[in-house]
Protein chains: 2
Amino acid sequence: MKISIIGVGLIGGSMALKLREKGIADFIYGIDNSDKHLSEALDLHIIDERADLEEGIKNADLIILAIPVDAARKLLPKILDLISENQTVMDAGSTKAGIVHAVQNHPKRSRFIAFHPMWGTENNGPASAVSDSFTGKAGVICNKEESAEDALQLVKKVAESLEMHLIYMSAESHDVHTAYISHISHITSYALANTVLEKEREEETIFQLASSGFSSTVRLAKSHPEMWVPIFKQNKENVLDVLNEHISQLRKFKSALEKENFEYLGELISNANKIRGILEK
Amino acid sequence: MKISIIGVGLIGGSMALKLREKGIADFIYGIDNSDKHLSEALDLHIIDERADLEEGIKNADLIILAIPVDAARKLLPKILDLISENQTVMDAGSTKAGIVHAVQNHPKRSRFIAFHPMWGTENNGPASAVSDSFTGKAGVICNKEESAEDALQLVKKVAESLEMHLIYMSAESHDVHTAYISHISHITSYALANTVLEKEREEETIFQLASSGFSSTVRLAKSHPEMWVPIFKQNKENVLDVLNEHISQLRKFKSALEKENFEYLGELISNANKIRGILEK
């Protein structure tokens, strides 16, 4: 099968590597606004050929859209305009209601699968791509009833090759859950980095003292705004709900400390410890 | 050299393993309130013999205090009462001003080294101990001018054996820095876990969707209250300062989102990205 990857970055590049390795991709076109990323992707054998949008789409059985969610939402209707009923498009974006809504009434809506692989790192670009990135991770398909059966089967095969397990839900549920499971983590991590950078002017001390705990909570703060501003924009209402809840949870810690209510502080921590059982099921 | 480890948990146990491996410890006594931990530590060859406090102290050249910071603060004066001028005591606690203050006027103050190894995990107990835990990490010695030169040299040798690099600062500076670099990370992580647990009643969904990003920001939320309540208690003022700053940083994200000021949101994220350069020096 011929595959076109639009956006040969961390996600698109990692998918390309694995799909070629598994033999499901015979030939991979790369489409990207960045000449640098295209050259790197060619050098790294992530793609076989660079293509412009029309040419890349024309020749592909499957088109994978792996660009920031605002750009994906704008581009998807144009891609659907260009494809035939034998071609399939899937995206890889972290928000789903917006993109599903954008093509709701498109005559070729059924050729699109709204997909979200639950994996990412704080790095970007094809040089960060790793073929086994998705192994064991969840892949979410949203609003599957709006997609054609053969397109769904194709994406199932892709997810299988990526060694992911599939979960199905509505785009709306997806956006609520990811606000909790992924988007808020990024905001707390950004805010934590800014807290430290604001007050700890002595960079050398941060560097010398930074413990593994700090590095892990602040890891996501390295993620780029080009990807994350559009996610927060598209999932604004859910993210705000969770952010308000998070601030009120932090205020409980603040109040327990201020009042020296250490019994309550212990209860807050014991409650948080329950996450261990859930994450390690 | 004979070493007594008071508190054969994650930190005390990991130190014991490495110090024996490096040949600096010939014989290790284990002292602990928990019979279970002592038996485990014996089974795992972390300690050679269990001892009660008086006996363990009497026979040791070096006494390592690796128990929660409130208990350490209470116990240290009693240990100093019991030792001779040829013995050395070091602690491993995450707060320093309290313990240093507790022995400020003790006649044997100079036999104590206030030490903090900048390493830990969310796990506890001797079964979690790993010999290479401290390699490449910072070890902080506080108020070194209050300690005897031979005691300092001994702890330097211990830090070398643990493969740590030493940093010196006052107990007060230490407690400010660790509020930023370590303590606040734990509060944000606990609060994040509570945020998700409060709203995401569907545990199965958290488990299925949880991405690597979520797992890393929430990892510290597994840390036990027995260790962390005393730390927050002893470092209350600094932690409250940082927590207030952190809440105000989160409010900036909230306000940017509410006002749909996505340019400002991008600036907040770009600023947070600077942590990359500092952590990867």
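Leaving aside neighbours within four places in sequence, B:L152 is in contact (heavy atoms within 4.5 Å) with B:I113, B:I141, B:K144 and B:S147. B:L152 lies in helix α6 of chain B. Helices here are DSSP runs of H or I with at least four residues, strands are E runs of at least two, and both are numbered from the N terminus. B:L152 is buried, with a relative accessible area of 5%. Buried means under 20% relative accessible area, exposed means over 50%, and partly exposed lies in between (1.4 Å probe, protein chains only). B:G136 is 16 residues from B:L152 in sequence, and their C-alpha atoms are 20 Å apart in space.

This is a predicted model, in which local features need pLDDT of at least 70, side-chain atom pairs count only at pLDDT 80 or more, and totals for chains, interfaces and linings use all residues; side-chain values use heavy atoms, with hydrogens and water left out. Residues are numbered from 1 along each chain as its sequence is written, while chains are lettered from A and ligands numbered from 1 in the order in which they are written.

Chain A holds 13 helices and eight strands. Its radius of gyration is 21 Å, close to the 19 Å that the globule rule gives for 281 residues, so chain A is as compact as a globular protein of that length. The radius is taken over C-alpha atoms, and the rule is 2.2 Å times the number of residues to the power 0.38. Along its principal axes, the C-alpha trace of chain A spans about 65 × 40 × 30 Å. Buried residues account for 60% of the 281 residues in chain A. Of the contacts in chain A between residues at least 6 apart in sequence, 74% join residues at least 24 apart.

The accessible surface of chain A comes to about 10,800 Å². Carbon and sulfur atoms contribute 48% of that surface. Areas come from the Shrake-Rupley method with a 1.4 Å probe; for residues, only the protein chains shown count as cover. Chain A carries 31 positive and 40 negative charges, and their mean positions are 3 Å apart. Lys and Arg count as positive and Asp and Glu as negative, without His and the chain ends. Each charge is placed at NZ of Lys, CZ of Arg, CG of Asp or CD of Glu.

The relation between the chains was examined next. Chain B can be laid on chain A with an RMSD of 0.0 Å by a turn of 180° and a shift of 0.0 Å along the axis. The two copies are thus related as by a two-fold rotation axis. The superposition is by least squares on the C-alpha atoms of residues with pLDDT of at least 70 in both copies. The same surface serves both copies: 100% of the contact residues of chain B recur in chain A. Of the residues of chain B, B:T217 comes closest to the rotation axis, with its C-alpha at 2.2 Å.

Helix α10 of chain A (residues 225–234) is mostly covered, with seven of its 10 residues buried. These are A:P225, A:W228, A:V229, A:P230, A:I231, A:F232 and A:Q234. Within chain A, the buried residues of α10 pack against α4 (69–82), α5 (97–102), α7 (171–199) and α11 (236–258). They also pack against α11 (236–258) and α12 (262–273) of chain B.

Helix α11 of chain B contains B:K252. B:K252 is partly exposed, at 30% relative accessibility. Neighbours within four places aside, B:K252 is in contact with B:Y264 and B:L268.

Loop residues complete the picture. A:E260, in the loop between α11 and α12 of chain A, has a positive phi of about 55° although it is not a glycine. A:E260 counts as partly exposed at 45% relative accessibility. In chain B, B:E163 lies in the loop between α6 (149–161) and β8 (165–169). Phi of B:E163 is also positive, near 65°, in a residue other than glycine. Its relative accessibility of 30% makes B:E163 partly exposed. B:G23 is found in the loop between α1 (10–21) and β2 (27–31) of chain B. At 48% relative accessibility, B:G23 is partly exposed. B:G23 and B:S161 are 138 residues apart in sequence and 8.8 Å apart in space, C-alpha to C-alpha.
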